[in-house]
Amino acid sequence: MKTNITDAAKRLISSFLLKNFWYRLFAIFLALLIWGSMKVNNDFMRTKVIELPASAITMYGYQTISDKQLIAVNDDLTQLIPDGLRVSVRVPNRLYGDLDASALAAQITMGTNIAVGEQTLPVSVQLTSFSYEAQIVSFSPQNITLELDRFMSIDLPIEADTAGAVAEDHWDESTILQSQNVVKIAGPASIVSQIRRAVAVLDVTGASTTVQQLCDVRLERADGEAVPAARLSVDPSRVTLEQGIYPMKTVPLSVTLVGDVKTDHQLVRAEPSAKDILVIADQAVLDTIDHVETQQILIEGKSESFATDVKVRFPAGVDGMFQPSPTEVQVSVTISEIQSERTYDNLPIRIVGAEASMKTTILPERTSVRISGPVTLMRRMKSTDLSIFVDVGGLTAGRHSVPLYADSASLEELMIIPSANMVDVLIEPTSTSAP
């Protein structure tokens, strides 16, 4: 029974394979022919142009220019090759769609024979891990021009400055605090050698409180023009500046005197070298201040003028060490003797220079005199100490108007003023006997 089943199966398989045998063989042959034709047609070569951006290009040789104390002035490939590389690659058609920029590697290598000036450097492009069947046909550009310069490094102090005006009735400190005081600048000598100043500017426009800002360090030529820092290493490129800004108020300065001057003397004035003082404090404190005073100046028993240096006394809540105005002034104290005045009436007028042959009459013969001077001299003054006179020397007969003079030979410091500046004199010949 088992043998019959096996024989039947063999006969069935043999019948299936032998039936239409030649048709089946021809179909297989035709399929192979079509497949082969498709494979041949799909393997034809095509050229693909790939744009490789400048950022994908690697530059080698920086150590060489560093060893030679050189620096590239224009090594920014995005500027040297703004459109990137155009690479033409021949590739089998079946791989055309798989080829892109990631299969390419481009590089520029600086040689050892480099010096200051323009250097022409070749560009090289290779296929990386892509199929060996692909080939680079061409690329553009094939070289670049690199400018090299001598490397230079300098250190400069950072000059802090301000721009703008603070709020009205506020004071800004003259000292500006800086996070760093020196900047290190390095780069091409042709650029670095132009730099004369490094300046950071703090904007305080309208500020009423302390200002703190992170400010750029500006590099300047001798003429004040800015030096571009794009090709430079600037450390630090920014610094923190801080300026204190506080409320202020200008108030008068009063001189504080203690004691009384000597008897018969008077205090004329006490004048400080600064009449007004600028006071800086919290606004609440400023609102309570209408003046400031000097420390006490002793004038007890003084009879002569003098000058002295004295400190300014600031009210509570005001830091005297933090004031822009002088904290010490010179006070000039003027002291003089008390002045007195007296009038003497009906004083006789003397005649000086009259000729014996002539009769001289004064009109009027008496006058009044006003005298002023220090009270100690005035106490010693007597009418007999005065001399009131006219000088008629050289005058001829007739009526004349002449000056009236007054003095005191023993008390020269007195001021003597006659009531009239001029008087009349009549000069006549004396009577003689007949011949």
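Colleague: Where is glutamine 69?
Modeller: In this predicted model, glutamine 69 sits in the loop between helix H3 (62-67) and strand S3 (70-72).

Colleague: What is phi there, at glutamine 69?
Modeller: Phi of glutamine 69 is near 55°. That is a positive value in a residue other than glycine.

Colleague: What about asparagine 346, what is its phi?
Modeller: Asparagine 346 has a phi of about 60°. The value is positive although asparagine 346 is not a glycine.

Colleague: Which element holds asparagine 346?
Modeller: Strand S24, residues 339-348.

Colleague: Switching to the sheet with S1. What is the strand order?
Modeller: S1-S4-S7. Three strands form an open sheet, and the pairing is antiparallel.

Colleague: Which strands stand at the edges?
Modeller: Strand S1 (45-52) and strand S7 (135-140). Each has a single partner strand, so one side of each is left without a neighbour in the sheet.

Colleague: How are neighbouring strands of this sheet turned against each other?
Modeller: By 20° on average, with direction ignored.

Colleague: What holds strands of a sheet together in general?
Modeller: Strands of a sheet pair through backbone hydrogen bonds, in a parallel or antiparallel way.

Colleague: Back to S1 and S4. How many bridges join them?
Modeller: Eight. S4 covers residues 85-92, and S1 and S4 run antiparallel.

Colleague: Which residue stands opposite glutamate 51?
Modeller: Arginine 86, in S4.

Colleague: Now the prolines. Which residue does a cis peptide bond join to proline 141?
Modeller: Serine 140. Omega of that bond is about 0°.

Colleague: Where is proline 141 found?
Modeller: In the loop between S7 and strand S8 (143-163). S7, residues 135-140, is one of the edge strands we just discussed.

Colleague: And which residue is joined to proline 364 by a cis peptide bond?
Modeller: Leucine 363, with omega of about -5°. Proline 364 lies in the loop between strand S26 (358-363) and strand S27 (366-374).

Colleague: Last one, leucine 377. Which helix is it in?
Modeller: Helix H7, residues 375-380.

Colleague: Is leucine 377 buried or exposed?
Modeller: Buried. Its relative accessibility is 10%, and the cut-off for buried is under 20%, so leucine 377 counts as buried.

Colleague: How far apart are leucine 377 and glutamate 412?
Modeller: They are 35 residues apart in sequence. In space, they are 9.7 Å apart, C-alpha to C-alpha.

Note on methods:
Residues are numbered from 1 along each chain as its sequence is written. This is a predicted model: local features need pLDDT of at least 70, side-chain atom pairs count only at pLDDT 80 or more; totals for chains, interfaces and linings use all residues. Side-chain values use heavy atoms; hydrogens and water are left out. Two strands pair if DSSP finds at least two bridges between them. Helices (H or I, at least four residues) and strands (E, at least two) are DSSP runs, numbered from the N terminus. Axes are lines fitted to C-alpha atoms, for helices over the stretch in contact, and angles run from 0 to 180 degrees between N-to-C directions. Buried means under 20% relative accessible area, exposed over 50%, partly exposed in between (1.4 Å probe, protein chains only).
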